Amino acid sequence: MTDRLTFLYPEIALFIGTCVVMVLGLSRTLQARKASALVTGLALVVAGYMAIASTPRVGEAICPLTGICFSKGLTPGAGQLLLPQMPLYAKTLIAIVGLILLLPCAGTVDRAEEAAIASGARRFDPLRSNRAEFYAFFLFSLTGLMLCASADDLVWLFLALELTSLPTYIMVAISTSRNKSREAGVKYFFLGALGAAIFLYGFAFIYGGTGSTNLNQIARHIQDDGLNSLTLVGMLLAMLGVSFKIAAVPMHFYTPDVYEGAAPQVSGFLAFVPKTAGFISILLLAATVGWAYAPGQSGVGAMLSAGPVEPLRQSVGATQLPELLRITLWVMAALTMTVGNVLAILQTNVKRILAYSSIAHSGYMLVGVIAGPGDGTFVNSGVAAVLFYLLCYGVMNAGTFAVLAALERSPGKDGEPREIETVADLKGLCATHPQLGWSMVICSLSLLGLPPLLGFFGKLPLFTSGISANEIPLVVILALNSAIAAFYYLRLAFTPMLEKPDAGAEAIRHAPFFSRRVGAMVSAGGVIVLAIFGSALTDQATQAARVRSAEAPAGDTSAAAPPAAAHPAQPATPGPRLSKR
Amino acid sequence: MLTAIGTMVTAAEPEGGGSHWTLTMIVVLPLVSFVLCGLCAAFKVKSKLPAWITVASLAAAFVFTLMAFMNAGPMIAAAGAEHGAEHAAASAEHAGHLTVHVFDWLNFDWGGGKSSSGRFDADFGFYIDGLTLLWMLFVTGLGTLIALYASEYMAHDVGLGYCRFFAAFSLFVLSMSCLVMASNLLMLFFGWEGVGLCSYLLIGYFYKKPAAVAAAKKAFIVNRIGDLGLLMGILGVYAAFGTVQYDKVFEFIHKGVDAGGHPLTTSSWIPVILPLLLTAGAFGKSAQLFFYVWLPDAMEGPTPVSALIHAATMVTAGVFLIARMMPLYTIDPAHTILTFVAWGGTITAFWAATIGMAHFDIKRVMGYSTASQLGYMFAGLGVMNSAGGAAHVFSHAFFKATLFLACGAVMHGFAGQLDLRKLSGVRKLPGWKIVAAAMFFGALNLSGVTFTAGFWSKDLILASSFEQSPAIGWILLITAGLTAYYTFRAYFRVFEGPVYFEPGDEVHGHDEHEDHAGHGHDGHGEESHAHDGHAQGHGHGGEFHPHAPGWAINTVLATLVVGCFAIIPLVGFAEHGAWVGKMVGASSAAMHGGEEGHGTFLGMNPHSVMYYVSSVVGLLGIAAAWWLHLAGRTSAAHANADKLEPALGPIVTWARHKWYVDEFYDAVIRIPLKFLSNIFYLLDQYLVDGLVNLTGFVPKGLGRLIRPSQSGELHGYALGMAGGLAVLILIVLMVAR
């Protein structure tokens, strides 16, 4: 039990932060209320430090920031063993990007309310204030995200995914005072529930097929007894359901509406947090099945035929997912990136462009999932590519949304300043607001994947891993889509840089929150700095992507533990070891 | 950033950790300075702060270079002594070198690391040997001095322009350090492009002046052509040896095989094509042969830039490249490409000297002189005397910097005046003694007067040239005479004779005065403001008061003159280039022995008689200059030389117009290209654009087709999700069956 807790220090830190923020945000004094954002940031810093310092790790891994190697000498007995190093990397990444995402969140809620209180028109009323909820949900969602990374059980994974998503529904709804946000929140909630239903259904199938909810045991079962069709269907449904979180076709419909309805900083949050949760889950599920099947074995014929069904066996030297899953993900990847990019071209609203671009990027990353861990080197490992791309995408995408958050137009009818809407609003931004303009240019070009920016180094391993996994047609589609994406990213980059504001256009101005501007510049700086010092990070991603093959140690009887031992009610049961070092 | 680098350094190999730090600091300090100058610009600093930051960091970098030199010194001295004593094969292995790995920069492997060819490694690391240290010593040393000089010279631009200048200056030193200290060709290439960029930024410093912008573009574009060659050369090296790390490449060459184990000498392309491609890059950067056109125009930049970048350091990068890759050049037993390099250098040396003889703008004269002297260096490399080539780089860096900075002081003091027909007797004005002395001693060096540093280094090249190929030797010897003539022509016209001066055009146009950056020449600022009232009267003496240089300029000039003398024992009085020879002997540029030429100078051993011959030739040149430009001269505009002009006919005019090379390029390259581009434009307009619009239409059309799915209605989306799921599963079942 205590073994298990050592994995969860970051989550515990975030949770404590959440509790503090919830109380602090309702304080009567303005200073205390304002401190809630600070506490949120502090909680993230502590969580990030905890992730680096306290996560027990297998083998050596040097922290990219401190260069210090902590080792508690713990056996890898607790936690999931399929991607044993991934939680460390993922939690560090979540803490860093979380901090970047926090910067533009200043003043998202309660702006009018606080103004009224400051002018003395109204007294502070806890019932009208949203600040506590907002930051608490922010942290709750990130806690869920970190829990996803440490999940070693289907039930845990489900709860973590929901903990990630439920707060975001509310964050969307309260992010502005417009009805559009509420509509977006409701839409997001209902469709999210539908998605959750699908993957929970899938999880049930998996439990039915293997008799266990523990990922390690499921992997063990699949390795020993083969992948039966029930488990296969379960995996299929689970992955399709989780693809709601990453906004992949056919679960992508909500994306543009929700992103458009939410405040830009919350849209930026949505583009990173649920996506990361989704990809971590998909990687975990895929690692449970294993990338060790020969190409010919589709398993479908057997599934459709009546009579006794022969389960799919892993074979030595094979390096792909079961054909059925591979084709599902293949079609999803191809459709996702194409639909995302093609629809983005038609948009004029910046947030909708970025929403479709977020869909397209999910498609890119699915290529890495299909490619699998390869031989474990950075260029050949699709898993490492996905993990590294999550970092790249998190940094550069936060920048574009932060730019939008840091700008506003004159107040509309409801008295609230209106947001930047169309690309035309960005005209001449580099001249009028150079810091934000250039941040937008850098982040857009990085999203496009222009060398030598971060996006290029992120996208490159997706290509190389796809090629080494022999997925040439998919890589060609990826390349074509990258070219199509240039169409709208260049528009986002060149409109601020080269065009002049229209003569009659209304002036845009800085939103009165300095930290939003800082957020944009930090992202843009990160895009450049991380591109230069990327090799340490790629090493970390490569470490994190190490997939443990579930080979059975000789004479390990505990491995044959009955399914009941890992009943959902007892997730803390020390899982049977898949292999010993 | 500092800590990040620090961590990486300590994480690198532990052996010799101390010297790693010093080496890394050499690169880090200019970077810090660059960042700080950038911050100064961001915070709109309106003082000389950026200059002091730059001077301090570069001085510290120089100290670290010295420390690195002390650390690596014993090893290099040992290897160099061995080389000098035996004058025998000191191969890359024997010559001491130190490869320092700072951090992994670009490391790729594919094919699962099973085959050795499936790797590409380029570390961020340093390859330290005699050549590296020699270059770094004068890059950082002269960089410091010239930054100090510039602190006063650019004073009229204090503000944003000042920050911009020093930021680019620091970036230049950073790039140059990367270029020189690189442990592999890719890092060299990045440094190479970096210095090219800084050169572009600094030539175009007065970006509101069309000539400066045009010159910047010209330099950049001409360099691109050479850089293409260099890049192809680097790719070729990778193709041949499977690596771009120097130590590994040299190891292969030493063994005489390529990555596949085939002998190099039988290869159809490695011995000739590879060095030829690298030579293209070297000639572009060092303004040789038909690439030389950019260098004279580059004089549009502020003078400190001309001194540092376009005389002392950047333009010698080409020499450095060939010296560094010398093992590659010597694979070919016939030395085809080295001969080509020698002839390229020789022709440029002569060609540029003739133009220098006719020009009236003293800074341009120095510009042509630089191209000419670079020609000598390449000739030195080409005739297998890399020690001579490097020694000349070393001494040239000092005396040419001196000459440029003296010219800059004149320009600064006389409101941009550089025409030698409009200045005379400057030495006799109060406050100009140090400038005149600096110019005089620089000119002595450039002319190769006996016992100066320039004399020793030029001698090495001349003697080896006669040994290898008397034709090259004779041309270079004649050029030496021409050099002495044009150098002292400039000196005698400007600094000697009757006192007379006209201010340059920078005292005109008061309406432009609000805008400093827009001003054409350097040096306008203060005095034109101070003398606004009387600037109109710019006759003899008149009301224009020349602005004598201040302490910074004088200190730097005096230091450089002392430096010119101090380096004499480093390059002279010994066989094979003394100390510099030892340094080069302990590097990849060490020449394999047993390749003695048999040419003679009129039947005598060139190495023993060249001292006397070149002294005589130099003195003859000076005498001619004295006779034609000083003797009996009563005005600034006219001298005895004018009487010669009719006799020479059109030659003078041609030389004055740079032998119409620019016009020739215009007719042969630009006009056909423009014609071609017009054709392509039409093709593009009607054919390609049509196709592009068509392809652009496909995704758009596709988008329109699926757009209705985004109706915004909740139940529609839910239906879409469920339906999509069903369709996807159906597709999968059908495909996967």
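Strand β1 (residues 407-411) of chain A is joined to β2(A) by 2 bridges, and the two run antiparallel. Strands here are DSSP E runs of at least two residues and helices are H or I runs of at least four, numbered from the N terminus. This is a predicted model: local features need pLDDT of at least 70, side-chain atom pairs count only at pLDDT 80 or more, and totals for chains, interfaces and linings use all residues. Residues are numbered from 1 along each chain as its sequence is written, with chains lettered from A and ligands numbered from 1 in the order in which they are written.

**Sheet in chain A**
- P411(A) has P417(A) as its bridge partner in β2(A).
- The open sheet has 3 strands in the order β2-β1-β3 (chain A), with antiparallel pairing (strands pair if DSSP finds at least two bridges between them).
- Its edge strands, each pairing on one side only, are β2 (417-418) and β3 (509-510) of chain A.

**Nonpolar cores**
- The largest nonpolar core holds 229 residues; A390(B), A401(B) and V580(B) touch the most other members.
- α16(B) gives the most to this core, with 17 residues.
- Another core, of 210 residues, lies apart from it and includes L232(A) and Y356(A).
- A nonpolar core is a set of buried Ala, Val, Leu, Ile, Met, Phe, Trp, Tyr and Cys residues joined through C-beta atoms within 7 Å.

**Q417(B)**
- Q417(B) lies in the loop between α16 (386-413) and β3 (423-424) of chain B.
- Q417(B) is buried, because 26 other C-beta atoms lie within 10 Å (buried: 20 or more; exposed: 12 or fewer; partly exposed: in between; C-beta atoms placed from the backbone).
- The C-alpha atoms of Q417(B) and G504(B) are separated by 3.9 Å, though 87 residues apart along the chain.
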